[in-house]
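Please look over the sequence and the model shown here. The paragraphs that follow go from the overall layout to individual residues and their partners.

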Amino acid sequence: MAQKGLRFALRLSPEVYALQVLLDDPRVEDLSGEWHHLVEEPAKEKGVPAPRLSVVRSRYRRLFRPLLRFVTTLARAHPDRQVAVVVPEVVESRWYHYLLHNHTASILKWLLLFRGGKGIVIVNTPFYLPDEPETA
C-alpha cells in the first residue's frame with residue numbers, strides 16, 4: 001500500500017517526503033537502515049529522484065499529532081507552493097467491511113482538511129483488497 005502511494009507521489013513531484021511515525025511498538029522497525037536498499041536504489045535505477053525519509057518518534061502511540069506537525073511545518077516552509085499529502089487507503093470488497101476496520105486514513109484526511117491550512121492538498125490513493133469468495 002505504501003509502495004503504491006510513493007509511486008503515485010513521484011508522478012506528482014520530484015520532491016517527495018515519506019514519513020514514518022514510530023510508535024512505541026517493538027514489532028515496527030525504523031526504515032532508516034533499509035531505505036537505501038528498498039527505495040533509493042530502485043529509484044536510481046528508474047532514473048527518478050528518491051523520496052526522502054523522515055522518521056519521527058512518537059511517545060504514547062500518538063500518530064496524528066506528529067504527522068500533522070510535520071505536514072504543517074513543511075507547508076509553512078514553502079508558502080509559495082501547495083503541499084500534496086498522499087493518503088493510501090484500504091478499500092474493502094464489501095461496503096459493510098468498512099465499518100469494522102481501522103479509520104486512520106479518514107481521520108487523517110479530516111485533520112488535514114480542518115487543521116492543515118489552505119496550502120495543503122489531500123490526494124487519496126485507494127488500495128483495493130481482493131474479493132473474498134462467497135461462503136454458504
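Helices here are DSSP runs of H or I with at least four residues, strands are runs of E with at least two, and both are numbered from the N terminus. In that numbering, His-36 is found in helix α2. The model is predicted.

The protein chain has 4 helices and 4 strands. Read from the N terminus on, its elements run α-β-α-β-α-β-α-β. The protein chain has 136 residues, of which 28% count as buried. Among contacts in the protein chain with a separation of 6 or more, 73% are between residues 24 or more positions apart.

Helix α1 covers residues 2-12 and includes Lys-4. Is Lys-4 buried, partly exposed or exposed? Its relative accessibility is 37%, so Lys-4 counts as partly exposed. When neighbours within four places in sequence are left aside, Lys-4 is in contact with Pro-126 and Phe-127. Lys-4 and Val-86 are 82 residues apart in sequence, while their C-alpha atoms are 10.0 Å apart in space.

Val-86 comes up again with Thr-125, one of its contacts. Thr-125 has its place in strand β4, which spans residues 120-128. Because its relative accessibility is 6%, under the 20% limit, Thr-125 counts as buried. Apart from neighbours within four places in sequence, Thr-125 is in contact with Gly-5, Phe-8, Val-86, Val-87, Pro-88 and Glu-89.

Ser-54 sits in strand β2. With a relative accessible area of 19%, Ser-54 is buried, because the limit is under 20%. Its contacts, leaving aside neighbours within four places in sequence, are Tyr-17, Ala-18, Leu-19, Gln-20 and Phe-70.

His-36 in helix α2 is partly exposed, with a relative accessible area of 45%. Not counting residues up to four places away in sequence, His-36 touches Glu-41 and Pro-42. His-36 and Leu-53 are 17 residues apart along the chain, and their C-alpha atoms are separated by 9.7 Å.

The next topic is charged pairs. Side chains of opposite charge can pair when their charged atoms come close. How many salt bridges does a search of the whole structure find? The search finds 3.

One of them is formed by Arg-81 with Glu-15, with the closest N and O atoms 3.0 Å apart. This pair links distant parts of the chain, 66 residues apart: Arg-81 is in the loop between α3 (64-77) and β3 (83-91), and Glu-15 is in the loop between α1 and β1 (17-22). Both partners have intermediate accessibility values. Arg-81 counts as partly exposed at 40% relative accessibility, and Glu-15 counts as partly exposed at 25%.

Another salt bridge joins the side chains of Asp-30 and Arg-57, at 3.5 Å from N to O. This pair also links distant parts of the chain, with Asp-30 in the loop between β1 and α2 (32-46) and Arg-57 in strand β2 (residues 52-57), 27 residues apart. Asp-30 counts as partly exposed at 27% relative accessibility, whereas Arg-57 counts as exposed at 62%.

A further salt bridge is made by the side chains of Glu-89 and Lys-109, at 2.8 Å from N to O. Glu-89 is buried, with a relative accessible area of 12%. Glu-89 is also among the contacts of Thr-125.

Helix α4 also takes part in a helix packing. The axes of α3 and α4 are 11 Å apart, and the two helices pack at an angle of about 45 degrees. The crossing of α3 and α4 is right-handed. On the α3 side the contact is made by Phe-64, Leu-67, Leu-68, Val-71 and Thr-72, and on the α4 side by Thr-104, Ile-107, Leu-108, Leu-111, Leu-112 and Arg-115. These residues divide into 8 nonpolar, 2 polar and 1 charged.

Technical notes
Residues are numbered from 1 along each chain as its sequence is written. This is a predicted model: local features need pLDDT of at least 70, side-chain atom pairs count only at pLDDT 80 or more; totals for chains, interfaces and linings use all residues. Side-chain values use heavy atoms; hydrogens and water are left out. Buried means under 20% relative accessible area, exposed over 50%, partly exposed in between (1.4 Å probe, protein chains only). Contact means heavy atoms within 4.5 Å. A salt bridge is a side-chain nitrogen of Lys or Arg within 4 Å of a carboxyl oxygen of Asp or Glu. Axes are lines fitted to C-alpha atoms, for helices over the stretch in contact, and angles run from 0 to 180 degrees between N-to-C directions. A crossing is left-handed if the near helix is turned anticlockwise from the far one by less than a right angle, and right-handed if clockwise. Ala, Val, Leu, Ile, Met, Phe, Trp, Tyr, Cys and Pro count as nonpolar, Asp, Glu, Lys and Arg as charged, and the others, Gly among them, as polar.
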